[in-house]
Amino acid sequence: MSTAASARGAGSAAAGGTGGRRDAEATKAAILRAVRHFLARQPHADITLKAVAERAGVSAPLILKYFGSKEALFAQVLSFENDAEALLDAPLDRLGFHMVRHVLESQRDLGTDPVLRIVFAPLHGDSGDVLRANFRAQVTERLVRRLPGLYAGLRAELALGALLGFGVMYGIARGPAVREADADEVVARYGALVQSQLTPGAG
């Protein structure tokens with residue numbers, strides 16, 4: 001079953017009130033995935049709740065029930081706070097490998113990416129500025145604070161740049177070799193590249 005179909009199924013279950021909190025969380029996740037889908041394709045101002053609802057397989061009133069308003073929904077999508085927590089949740093000496101695996105599994109299993117939406121900031125005017133500011137504060141600066149030694153800011157940006165490149169190749173260019181390769185092989189190879197910027201002597 002496709003990611004979109006799974007999202008619609010999750011949304012329908014929650015809308016029917018049959019699954020309690022678990023279905024509600026699944027539906028919220030489907031709605032957020034739908035918004036991210038549109039953010040990668042069109043300006044923020046052109047995205048409607050109706051379109052988001054149709055893609056997520058729910059009703060527009062249900063989106064308002066969960067998020068309160070379109071503005072509140074988009075504020076959550078423009079934030080990287082929760083994504084950064086999971087992305088950076090590993091010891092420093094294995095963090096690069098963890099980051100690559102997290103992006104790979106998120107794209108492969110969930111049809112989403114924790115940080116790739118920053119690539120589409122130029123589409124979104126003032127909201128793009130918010131996206132950039134949030135990325136710096138919630139992802140880059142958080143990573144910088146983890147890094148010992150010289151050039152921490154440069155190393156953090158290079159590591160994240162490499163990670164974004166991987167996300168583009170997997171999720172946008174849809175490189176067949178990357179998508180068909182064994183996950184452990186990809187993590188071992190690309191994780192070493194990211195890790196080389198995080199810890200002295202890595203790679």
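**Entry 1: what H9 packs against.** I looked up helix H9 (residues 152-171) and found that its buried residues (under 20% relative accessible area with a 1.4 Å probe, protein chains only) pack against H6, H7, H8, helix H10 (176-180) and H11. Helices here are DSSP runs of H or I, at least four residues, numbered from the N terminus. This is a predicted model, where local features need pLDDT of at least 70, side-chain atom pairs count only at pLDDT 80 or more, and totals for chains, interfaces and linings use all residues. Residues are numbered from 1 along each chain, and side-chain values use heavy atoms, leaving out hydrogens and water.

**Entry 2: which residues of H9 are buried?** I noted Ala-152, Arg-155, Leu-160, Phe-166 and Tyr-170 among them.

**Entry 3: H8 against H9.** I checked the axes (lines fitted to C-alpha atoms over the stretch in contact, with angles from 0 to 180 degrees between N-to-C directions). Those of H8 (residues 125-144) and H9 come within 8 Å and cross at roughly 115°. For contacts (heavy atoms within 4.5 Å), I saw that Phe-135, Val-139, Thr-140, Leu-143 and Val-144 in H8 meet H9 residues including Ala-156 and Leu-160. The residues of this contact split into eight nonpolar, two polar and one charged.

**Entry 4: the core.** A nonpolar core is a set of buried Ala, Val, Leu, Ile, Met, Phe, Trp, Tyr and Cys residues joined through side-chain atoms within 4.5 Å. I found 36 residues in the largest one, with Met-99 and Leu-198 having the most contacts inside it. H9 gives the most to this core, nine residues. Leaving aside neighbours within four places in sequence, Met-99 touches Leu-87, Leu-88, Leu-160, Leu-163, Val-194 and Leu-198.

Notes
Helix = DSSP H or I, 4+ residues; strand = E, 2+ residues; numbered from the N terminus. Nonpolar A, V, L, I, M, F, W, Y, C, P; charged D, E, K, R; others polar. Buried < 20%, exposed > 50% of the residue type's maximum accessible area, 1.4 Å probe, protein only.
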